[in-house]
Amino acid sequence: MIIVMEPGATSEEQQAVIARLEREGFKVHLSRGIERTIIGAIGDKTRLRAETLAALPGVEKVVPILQPYKLAGRDFHPEDTLVPVGELTIGGHQVHIIAGPCAVESREQLLETAMAVREAGATMLRGGAYKPRSSPYSFQGLAAKGLEFLAEAREVTGLPVVTEIMDPALVTAVAQVADVLQIGSRNMQNFALLQAVGRTQKPVLLKRGLSATIEEWLLAAEYILTEGNSQVILCERGIRTFETYTRNTLDLSAVPAVKHLSHLPVIVDPSHGTGRKFMVAPMARAALAAGADGLMIEVHPNPQEALSDGPQSLTPEQFARLVQEIRPIIAASSRELGHLVS
Ligand code: PEP
Ligand code: MN
């Protein structure tokens, strides 16, 4: 349930409510808004009646949380969540672009791409060191070496690094390098992995599963939030439908749906969403028009030679053009393209 505190409630009153809830075995989550504080309590409702709580000093009202995703839902947290990544903020006034290769293939490939995307306007660098490939015979990523190159690319460009994690046992190693931990589509319901990243204090980019409903996606976010990590960024990357022309069907209706249901920021990946490079820029523009907080775009210095996802990867020049093309859309929605200060 949700305990809405009065606007003028004191911190002693708040503490008294929390202490009472914890005594009855409830897990407590605080959401401090500008106007008032909301206390989310998850536990056995038969242990403590809503009327009892409503009578405590400073409590305005007690309401049940009807959404199945208690912490990810707007019921509990009406205001948008802002996720800080270094000096950047995801989910606010600024739109951010994460760009880079599908996979880290070599030091040169990564550094060249990182410098080019930074120059063109990206504010974060992507690149998989551990790759979830459909075939065990495909390139699996450079693993620890890939992490090293990502760290160097950040050093050189100042771009925070987003990279995928596939194994709970590697959380510490990946979190040492990554500024944002990416959970890929195929792992959206790997609950042990979700809990493991939930126990870190690193922002998590949670991609929508290939066949996940919006409710399943938000429940996956809930696994991370219940462990204490509130920094979740959702990423729509297309879902499987009967359509075969595109690699996936990019569900842009998920953007306003998720914004309506949840306070978490949502970005869109039109590269995996379409699988075809000529469709990436139009769908990037559409995503921002639909209200996305950012984009994730695959860029490769030589897409024909890419070890993964070449057909959907843009050249640095094509990426630079895309950035120019989204500017009017961002301006039309009274936002601005994010930039690094340093
Ligand atoms: C990726 O970002 O390279 C990736 C594997 O994405 P997804 O999990 O969306 O397929
Ligand atoms: Mn990819």
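Student: Where should I start with ligand 1? Which residues are closest to it?

Tutor: Start with the shell. In this predicted model, 13 residues surround ligand 1. The closest are Arg-126, Ser-185, Arg-186, Lys-207 and Arg-237.

Student: How many nonpolar, polar and charged residues does that shell have?

Tutor: Sort the shell by class. Around ligand 1 there are two nonpolar, four polar and seven charged residues.

Student: Which atoms of Arg-126 and Gln-182 lie by an oxygen atom of ligand 1?

Tutor: Look at the side chains. Arg-126 places a polar side-chain atom 2.7 Å from an oxygen atom of ligand 1. Gln-182 also has a polar side-chain atom by an oxygen atom of the ligand, at 3.0 Å.

Student: And which part of Ser-185 lies 2.7 Å from an oxygen atom of ligand 1?

Tutor: Here, turn to the backbone. A backbone N or O atom of Ser-185 is 2.7 Å from an oxygen atom of ligand 1. As for cover, ligand 1 has 290 Å² of accessible area on its own, and the protein covers 97% of that.

Student: Now a single residue. Where is Gln-312, and is it buried or exposed?

Tutor: Find the flanking elements, then check the accessible area. Gln-312 lies in a loop, with strand E14 (294-298) on one side and helix H11 (316-332) on the other. Its relative accessible area is 2%, so Gln-312 is buried. The cut-off for buried is under 20%.

Student: Which side chains make a polar contact with the side chain of Gln-312?

Tutor: Take the partners one by one. The side chain of Gln-312 makes a polar contact with that of His-272, at 3.3 Å. Another polar contact joins the side chains of Gln-312 and Asp-309, at 3.2 Å.

Student: His-300 is in a loop too. Which one, and is His-300 buried or exposed?

Tutor: The loop between E14 and H11 holds His-300. With a relative accessible area of 6%, His-300 is buried. Next, compare sequence and space. His-300 and Gly-228 are 72 residues apart in sequence, and their C-alpha atoms are 36 Å apart.

Student: How many residues separate Arg-47 and His-300 in sequence?

Tutor: Arg-47 and His-300 are 253 residues apart in sequence. In space they are 57 Å apart, C-alpha to C-alpha. Arg-47 belongs to the loop between strand E3 (37-42) and helix H2 (50-54). Arg-47 is partly exposed, at 46% relative accessible area.

Student: What should I know about phi?

Tutor: Most residues other than glycine have a negative phi. Now look for departures from that.

Student: What is the phi of Ala-143?

Tutor: Ala-143 is not a glycine, yet its phi is positive, about 55°. Ala-143 is placed in the loop between strand E8 (124-126) and helix H4 (144-157). The relative accessible area of Ala-143 is 26%, which means partly exposed.

Student: What about Ser-334? Where does it lie?

Tutor: Ser-334 lies between H11 and strand E15 (336-337), in a loop. Phi of Ser-334 is near 55°, a positive value in a residue other than glycine. Ser-334 counts as exposed because its relative accessibility is 58%. The cut-off for exposed is over 50%.

Student: One last residue. Where is Arg-208, and is it buried or exposed?

Tutor: Arg-208 has its place in the loop between strand E11 (204-207) and H7. Arg-208 is buried, with 4% relative accessible area. Arg-208 and Pro-84 are 124 residues apart along the chain, and their C-alpha atoms are separated by 21 Å.

Conventions. Residues are numbered from 1 along each chain as its sequence is written. Chains are lettered from A and ligands numbered from 1 in the order in which they are written. This is a predicted model: local features need pLDDT of at least 70, side-chain atom pairs count only at pLDDT 80 or more; totals for chains, interfaces and linings use all residues. Side-chain values use heavy atoms; hydrogens and water are left out. A residue is near a molecule or strand if one of its heavy atoms lies within 4 Å of it. A polar contact is a pair of N or O atoms within 3.5 Å; within protein, one must be able to donate a hydrogen and the other to accept it, and residues adjacent in sequence count only if both atoms are side-chain atoms. Accessible areas come from the Shrake-Rupley method with a 1.4 Å probe; for residues, only the protein chains shown count as cover. Ala, Val, Leu, Ile, Met, Phe, Trp, Tyr, Cys and Pro count as nonpolar, Asp, Glu, Lys and Arg as charged, and the others, Gly among them, as polar. Helices (H or I, at least four residues) and strands (E, at least two) are DSSP runs, numbered from the N terminus. Buried means under 20% relative accessible area, exposed over 50%, partly exposed in between (1.4 Å probe, protein chains only).
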